[in-house]
Amino acid sequence: MTEPHFDREIDRSHMQVSDEVAIQIEKMNKWYGQFHVLRDIDLTVNRGERIVIAGPSGSGKSTLIRCINRLEEHQSGKIIVDGTELTSDLKNIDKVRSEVGMVFQHFNLFPHLTILENCTLAPIWVRKIPKKEAIETAMHFLEKVKIPEQAHKYPGMLSGGQQQRVAIARSLCMKPRIMLFDEPTSALDPEMIKEVLDTMIELAEEGMTMLCVTHEMGFAQAVANRVIFMDQGQIVEQNNPHDFFNNPQSDRTKLFLSQILGH
Amino acid sequence: MSDTHAQTVAYVRDTMLEPKPAPSTQTGAVKWLRDNLFSSWLNAALTVAGLLVVYLLFTHFFPWFRHSVWNADSLKECRDIITGEFGEGATGACWGVIRERWHQFMFGFYPPELYWRPVLVFVLLFVALAPILFTHLPRALLSFSAIYPLLAIWLLWGGSVWPVVMTGAGFVLGYLALKLLGNVNGIIAGIAAFAVPILFWMFAVGPIDDLLKQIVPISIQSVDSDEFGGFLLAITIGVGGIVMSLPLGIILALGRQSDMFLVKSFSVIFIEFIRGVPLITLLFVASLLLNYFLPPGTSFDIILRVMILVTLFAAAYIAEVIRGGLAALPRGQYEAADALGLDYWKAQRFIILPQALKISIPGIVSTFIGMFKDTTLVVFVGLFDPLKGIPDFIRSVFEWKGIYWEPFIFVGAIFFILNFSMSRYSMYLERKLKRDHR
């Protein structure tokens, strides 16, 4: 099993899990037509948790986190994010979405806007922050992801890794309390994966509540406080990373781990 | 990378190669000729055949243009000059008709002493369009673009200034209603934005108009719609149609994508109905049928009626073109906008439409060009279009009876210039909006 090679020790002083509940999911079910994608999902995420969701493709892990900001609609059960229940009420949906940041596999930057405009659009028009202040915030986060010099370029001129870091900065500009990552490194060249993971680790070090769907098991071991394994639309196993990797309980988890770590 | 191969490496490059210039056969005119005209025996034969056709066409038509006569007052005089100069049997173009009648090609039967009005409207059109077409101009100019349509209507048709001012006032009231109620409730504000101006125009405008006409009579000589003709008519209908059909087309395209059943069905039925019916049918509706639907006694200007139906016609096509642009956007753009908390209209305004419209530019401009050329069809409802209405009128005069090609070539050339500039502008816009790899 390969150990993660991160440049430095991870600073755990701010990684504290509080008792406050950030996301609560109860008996949640979702179907695509006749296909039962998510089955009786129960999940409670406390503030400050860093959760990695793993599983084979088609297991419903992306669908699960996309339900949390209602990019996908669930058909039964409850999802409560930051005290707001997700129903068809548009006001609640907009409220949750402005509190929850999301980073996509394919970045989904807006190609017709500059990097800076990508980062300031939502703060200005959703949060109603004055333009000058929004630009300052955006530059602050662009510096944090280490690409302030690209602010006036367009997304198409940046490398994949840089684009993904911009996408993270764009989400952070909304000052979210929860961040969702949907396979953030899956579309990247191996050389660029590390720069994105470094950014995510920094975010974790500051105590952000994070849910990451990822295949980067090194990241899970270094940063996560909980790993969730899903298969066939169900949560099969969840544990702290140490026990999850060294002492998996279910056969399905053992098989999965042997396949992705075994070579 | 593992280090297991370190001992078994067979080859290691120690110096990297510098780029060298391409061989001379790969560049220059010779290569171009060989690639494009003589790449194979078949292509060489086709090139020669093509040159032959060009030569034949040129030798056939060139004498006609070379024998052009500009100074003649009738077709007979033209022919006499050509025969006198180039011998018996020579043919030539008689441009005298254009020199003598150009004002009718341009203005139709608009009173000659008022030609300055359409000319001024045409010049101001470019002032109004400039800030819309070229975004680096100061944004303050847009306020002139906003009042330009009403100013143009007043200058073209003349009459009292107050009905036009009242029309503008209606729009301002609608806007105010939208702004004031916008904070209270979006739906009520939307309804009020439509209802307030319509009620204002229906009930308040008449009395206010009469009062103002008596107190402050500002008015210029009025010109009737049947005095319009030629390119004045074509450009009035064309520009009016273009300006109104783009927003309507956008709304229809969004309506067709809507989740709301009624909105979607209405858009689909409207688009499919309009696209399924020939434009001429709609023009006949404009000239004959539309009056039946209106309250008795209201006379509704024929140019306005035609303009409305041309607008509806073009809007249906533009809606489909834009739908193509919307469909070409990756799903992720909608998701990213949603995930950032942008609501439907903000997402459309900032994220979706700018990109969809950019993709649709060639299609939209094609539709505009097609619509502008279709304005010549108004000849079938008794208006004097530049291509048939005006030339037929000129041919009905004894001096120009039998003149045929010259008006077509002249009118065709002007249409070409106008349409070609639209096409070039669209290419400029595409280049300017190109965002990747700069």
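Colleague: What does B:Arg395 form a salt bridge with?

Modeller: In this predicted model, B:Arg395 forms a salt bridge with B:Asp392, and the closest N and O atoms are 2.9 Å apart; a salt bridge here is a side-chain nitrogen of Lys or Arg within 4 Å of a carboxyl oxygen of Asp or Glu. Both B:Arg395 and B:Asp392 lie in helix α15 (residues 389-395) of chain B, three residues apart, about one turn of the helix, where helices are DSSP runs of H or I with at least four residues, numbered from the N terminus.

Colleague: Is B:Arg395 buried or exposed?

Modeller: B:Arg395 is buried, with a relative accessible area of 15%, whereas B:Asp392 counts as partly exposed at 32%. Buried means under 20% relative accessible area, exposed over 50% and partly exposed in between, with a 1.4 Å probe and protein chains only.

Colleague: Before we go on, what are the ground rules for numbering and confidence?

Modeller: Residues are numbered from 1 along each chain as its sequence is written, and chains are lettered from A and ligands numbered from 1 in the order in which they are written. Since the model is predicted, local features need pLDDT of at least 70 and side-chain atom pairs count only at pLDDT 80 or more, while totals for chains, interfaces and linings use all residues, and side-chain values use heavy atoms, with hydrogens and water left out.

Colleague: How many salt bridges are there over all chains?

Modeller: A search of the whole structure finds 29. One of them joins A:Arg165 and A:Glu195, with the closest N and O atoms 3.0 Å apart, and this pair links distant parts of the chain, as A:Arg165 is in helix α5 of chain A and A:Glu195 in helix α6 (residues 190-205) of chain A, 30 residues apart. A:Arg165 counts as buried at 10% relative accessibility, and A:Glu195 as partly exposed at 25%.

Colleague: And which residues are linked in a network of salt bridges?

Modeller: The network links B:Arg256, B:Glu272, B:Arg275, B:Glu320 and B:Arg323. Within this group, the side chains of B:Arg323 and B:Glu320 meet at 3.0 Å, N to O, and being three residues apart in helix α12 of chain B, B:Arg323 and B:Glu320 are separated by about one helical turn.

Colleague: Switching to the interface, how many residues does the contact take from each chain?

Modeller: The contact, meaning heavy atoms within 4.5 Å, takes 20 residues from chain B and 24 residues from chain A. The area buried between the chains is about 2100 Å², of which carbon and sulfur atoms give 64%; buried area is the accessible area (1.4 Å probe) that two parts lose on being put together, summed over both. In chain B, B:Ala339, B:Leu340 and B:Arg435 lose the most area to chain A, together 31% of what that side buries.

Colleague: How many salt bridges are there across the interface?

Modeller: The rule finds one across the interface of chain B and chain A, and in a salt bridge the side chains of B:Glu335 and A:Arg66 meet at 2.6 Å, N to O.

Colleague: Last topic, which residues touch the most other members of the largest nonpolar core?

Modeller: Of its 99 residues, A:Leu211 and B:Val306 do, a nonpolar core being a set of buried Ala, Val, Leu, Ile, Met, Phe, Trp, Tyr and Cys residues joined through side-chain atoms within 4.5 Å. Helix α12 (residues 302-328) of chain B gives the most to this core, with 14 residues.

Conventions:
Helix = DSSP H or I, 4+ residues; strand = E, 2+ residues; numbered from the N terminus.
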